[in-house]
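Let's take a friendly walk through this structure, one region at a time. Keep the sequence and the 3D view open as you read.

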Amino acid sequence: MADSGRAELPEDLTATERRVWTAFGRGEACDLRARDSRLNDPASDRAWPESRTVRAEVLARLLLDGPPSEPGRVAALKLFGAHVAGTLNLSGGRVQPFVELRDCRFDSQLLLPEGHFHTVRLMRCRIPRIEAARVTVSGDLHLPSCTIPAGIRITDAHIGTDLLLNEIRVGPGRNGQSIAADGLTVAQDIEAELIESTGEISLRSARIGGRLSLRGSTLRNRHGRYALNAARVTVEHTLYLSSGWSSGSYGGSGTPPTGVQTQPFHCEGGLRLDDGRVGNAVVIDKARFELSGSQQVSLRRLQTPELRFALREPPTGSVTLGGARVGKLLDSVTSWPGAGLIDLTGFSYESVTAHGAFSLAERIAWLAKATPEYNPEPYERLALALRAGGEDAEARDVLLARQRRRRETLPTAGRVWGFLQDVTVGYGYRPARAALWMAVLWAFGAAYFLVHKQPPPVDSQASPQWNPALLALDLLLPVIDFGQSDAWRMSGAEQWVAAVITMLGWVLASTVATGASRLLRRG
């Protein structure tokens, strides 16, 4: 900034620019807005009077080499309602003063690449495009309610505190990207609530020290692949893709007041969070996804302690969580698309909770939709999560469903044998059914040997008393010896009946033992 000897006003300034120059040294606001608020919308087509025009080169001179502040004041550019004529080019510059522009209309793009700033606040401005690659802002960068038709580029930028984008309207620029922010670093939060974006928002490899919130926003990219491409993003706290509401300033957080209408998150185009890392939770709630062609909701290899995926209606395309790792999964039955449009390969979660009604039959149907070709892994993962939550019976039902799906892939003989196992013992996941069949076999064996002639003893000198019920029980239980099965010399049909009872006894007893061991392990 210039020394005190350069504090005099330049001679080539207009009357309006002299006002701006003088207010700068005092740190005061220069308000050029009309009294009628209807005349102050920078995005309208209404022409503004010449008295509101400030040349961009004058603003650049102020910010890069302006006059010193007056004694007891801090120099700052606070300009409201100005028409900025020409291109404001601050590329590579070091701007010390505080910058705040409200309701300003820019003729041309704003150039900030590789510049250094303390705090920049542009509110309700119309700017054709913002070029700010590799810019460094030690404080806040605020762009709320701005209209930026040709997009924003802030790739590899560094923001010292917050990036505020609430309620902006941004259109596509180069490569169809509305916000190009690959490699962006923000020390605290990115607030992008209630925004309207046409084109792709790209946040690949961005690092955010707080939260990333797009609550209530509308993202449109019907002809591209993604409306939001945040592959490899790192968010230390929470990522919100959920409903939002306006607090009368720039979006509201928390629970909306009574009577305030909320706006869902709406995405017309693909969502990509592949390889993302989110420290607290990913909240995709009260959101709507309209997908076409190859567009999808892609959460491949996402890592987060909690994934809340609770939609009121399923996406119109596929949802993939292949390789994702979450602690808690909270979802709803209406969140998931139809068969063949869900990929859960390698998806792991420690617990699962439903938002609203989500029966076990619907949960098993969810797994069937995710596995058009039989894959045991999703079934085993769900069973583990249910067992961890104390729902052991439900876990057994899921594993039984896995066996039934597997049976569909077997040849005819395998399917027949599997059907018999299912009916008789539920593939070992119905130990009570096995115990019932043991009781039936015992009753059948006891009745059979009771009505048939007593067989001759093996040793007539040391044979026990004939007891048909005890004999049937001795044949049925493979471990316990009641002294009956080896004491009689059977032949013919009796020998075959005894062999069948013994064989079935081994199968059923092992099934009961397996069920008991599961209960013991559960305890």
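## Strand β38 and its partners

Strand β36 (residues 303-310) pairs with β38 in the parallel sense, and 6 bridges join the two. In this pairing, Arg308 sits opposite Leu330 of β38. Please keep in mind that the model is a predicted one.

β38 also pairs with strand β40 (residues 348-354), again in the parallel sense and over 6 bridges. Here you can find Val326 opposite Tyr349 of β40. How many of the 7 residues of β38 are buried? The count is 5, so this strand, covering residues 325-331, is largely enclosed by the rest of the structure.

## The open sheet

Next, have a look at the open sheet, which is formed by 11 strands with parallel pairing. Their order is β5-β8-β11-β15-β19-β23-β27-β31-β35-β37-β39. The edge strands, each pairing on one side only, are β5 (88-89) and β39 (342-343).

Within this sheet, strand β8 (residues 110-111) and strand β11 (residues 130-131) run parallel and are joined by 2 bridges. Leu110 stands opposite Ile130 of β11.

Is Pro378 buried or exposed? Its relative accessible area is 6%, and since buried means under 20%, Pro378 counts as buried. This proline lies in helix α4 (residues 376-388).

Leaving aside neighbours within four places in sequence, Pro378 is in contact with Leu344, Tyr349, Leu367 and Thr371. Arg402 is 24 residues from Pro378 in sequence, and their C-alpha atoms are 9.1 Å apart in space.

## Helices α7 and α8

Finally, turn to helix α7 (residues 431-451) and helix α8 (residues 468-476), which pack with their axes 8 Å apart and at an angle of about 135°. The two helices are therefore oblique to each other. The crossing of α7 past α8 is right-handed.

Which residues make the contact? From α7 come Met438, Leu441, Trp442, Gly445, Ala446, Phe449 and Leu450. From α8 come Pro468, Ala469, Leu471, Ala472, Leu473, Leu475 and Leu476. By type, the residues of this contact comprise 13 nonpolar and 1 polar, with no charged residue.

Notes:
Residues are numbered from 1 along each chain as its sequence is written. This is a predicted model: local features need pLDDT of at least 70, side-chain atom pairs count only at pLDDT 80 or more; totals for chains, interfaces and linings use all residues. Side-chain values use heavy atoms; hydrogens and water are left out. Buried means under 20% relative accessible area, exposed over 50%, partly exposed in between (1.4 Å probe, protein chains only). Helices (H or I, at least four residues) and strands (E, at least two) are DSSP runs, numbered from the N terminus. Two strands pair if DSSP finds at least two bridges between them. Axes are lines fitted to C-alpha atoms, for helices over the stretch in contact, and angles run from 0 to 180 degrees between N-to-C directions. Angles under 35 degrees count as roughly parallel, over 145 as roughly antiparallel, 65 to 115 as roughly perpendicular and the rest as oblique. A crossing is left-handed if the near helix is turned anticlockwise from the far one by less than a right angle, and right-handed if clockwise. Contact means heavy atoms within 4.5 Å. Ala, Val, Leu, Ile, Met, Phe, Trp, Tyr, Cys and Pro count as nonpolar, Asp, Glu, Lys and Arg as charged, and the others, Gly among them, as polar.
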